[in-house]
Amino acid sequence: AELKESLEARRADAGGTKLATVCEEAQCPNIGECWNGGTATIMLLGDTCTRGCKFCAVKTDAAPEPPDETEPWNTADAVANWGVDYIVLTSVDRDDLPDGGAGHFAQTVGLLKFRRPELRVECLVSDFAGDAAAVRTLARSGLDVFAHNVETVERLQPMVRDRRASYAQSLAVLRRAKEFGNCDR
């Protein structure tokens with residue numbers, strides 16, 4: 001109850017913005033660790049994923065609602081008012097978008113850094129369907145940490161993750177992020 005009240009208070013402080021958190025949408029078991037430690041995790045690009053990984057509780061649909069074009073600004077405004085030092089931006093997979101949402105992430109990072117240059121920004125992202133240009137867009141956005149979950153060992157991938165994801169694709173995304181950006185400051 002205390003965590004829910006904390007989230008509601010932060011939303012109210014931000015003018016009631018409609019920010020989604022992965023903590024709630026995915027029923028994350030680590031919600032207490034993050035919120036009690038002062039880290040906020042915002043889920044961009046809506047609350048509906050285009051994939052269907054077996055371990056995740058997020059809603060799925062092949063054609064989710066289009067992203068909210070004002071979300072990058074709303075996110076920056078809300079986070080600037082929260083006073084946190086570290087923010088994690090994550091999202092559902094958006095295979096329906098040409099860049100998988102990389103541009104939306106990059107715009108959000110830029111606005112966050114404009115509002116609070118000292119803010120540390122981590123982006124925990126999808127594999128962007130292996131699109132190197134999308135990885136480059138985000139890796140060069142000014143973020144502090146580029147993160148991507150491999151989720152499980154290679155031999156269990158087909159049983160756990162959506163068929164459009166793979167262990168090799170995940171490793172390639174991480175390799176490209178390191179090549180394209182200065183993500184290990």
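**Helix 4 against helix 5**

Mentor: Helix 4 crosses helix 5 in a right-handed sense; that means the near helix is turned clockwise from the far one by less than a right angle. Helices here are DSSP runs of H or I with at least four residues, strands are E runs of at least two, and both are numbered from the N terminus. This is a predicted model, where local features need pLDDT of at least 70, side-chain atom pairs count only at pLDDT 80 or more, and totals for chains, interfaces and linings use all residues. Residues are numbered from 1 along each chain as its sequence is written, and side-chain values use heavy atoms, with hydrogens and water left out.

Trainee: What angle do helix 4 and helix 5 pack at, and how far apart are their axes?

Mentor: The angle is about 35°, and the axes lie 9 Å apart. Axes are lines fitted to C-alpha atoms, for helices over the stretch in contact; angles run from 0 to 180 degrees between N-to-C directions.

Trainee: Which residues meet there?

Mentor: From helix 4, they include Trp73, Thr75 and Val79; from helix 5, they include His104, Thr108 and Leu111. Contact means heavy atoms within 4.5 Å.

Trainee: How many nonpolar, polar and charged residues does that contact have?

Mentor: Seven nonpolar, four polar and three charged. Ala, Val, Leu, Ile, Met, Phe, Trp, Tyr, Cys and Pro count as nonpolar, Asp, Glu, Lys and Arg as charged, and the others, Gly among them, as polar.

Trainee: Is Thr108 buried or exposed?

Mentor: Thr108 sits in helix 5. It counts as buried because its relative accessibility is 0%. Buried means under 20% relative accessible area, exposed over 50%, partly exposed in between (1.4 Å probe, protein chains only).

Trainee: What is Thr108 in contact with, leaving aside neighbours within four places in sequence?

Mentor: Leu44, Pro72, Thr75 and Leu89.

Trainee: What covers the buried residues of helix 5?

Mentor: The cover includes strand 1 (40-44), helix 4 (71-82), strand 4 (86-91), strand 5 (120-124) and helix 6 (132-139). Among the buried residues are Phe105, Val109 and Leu112.

Trainee: Switching topic. How many helices and strands are in the protein chain?

Mentor: Eight helices and six strands. Of its 185 residues, 46% count as buried.

Trainee: And what share of the contacts with a separation of 6 or more comes from residues 24 or more positions apart?

Mentor: In the protein chain, 68%.
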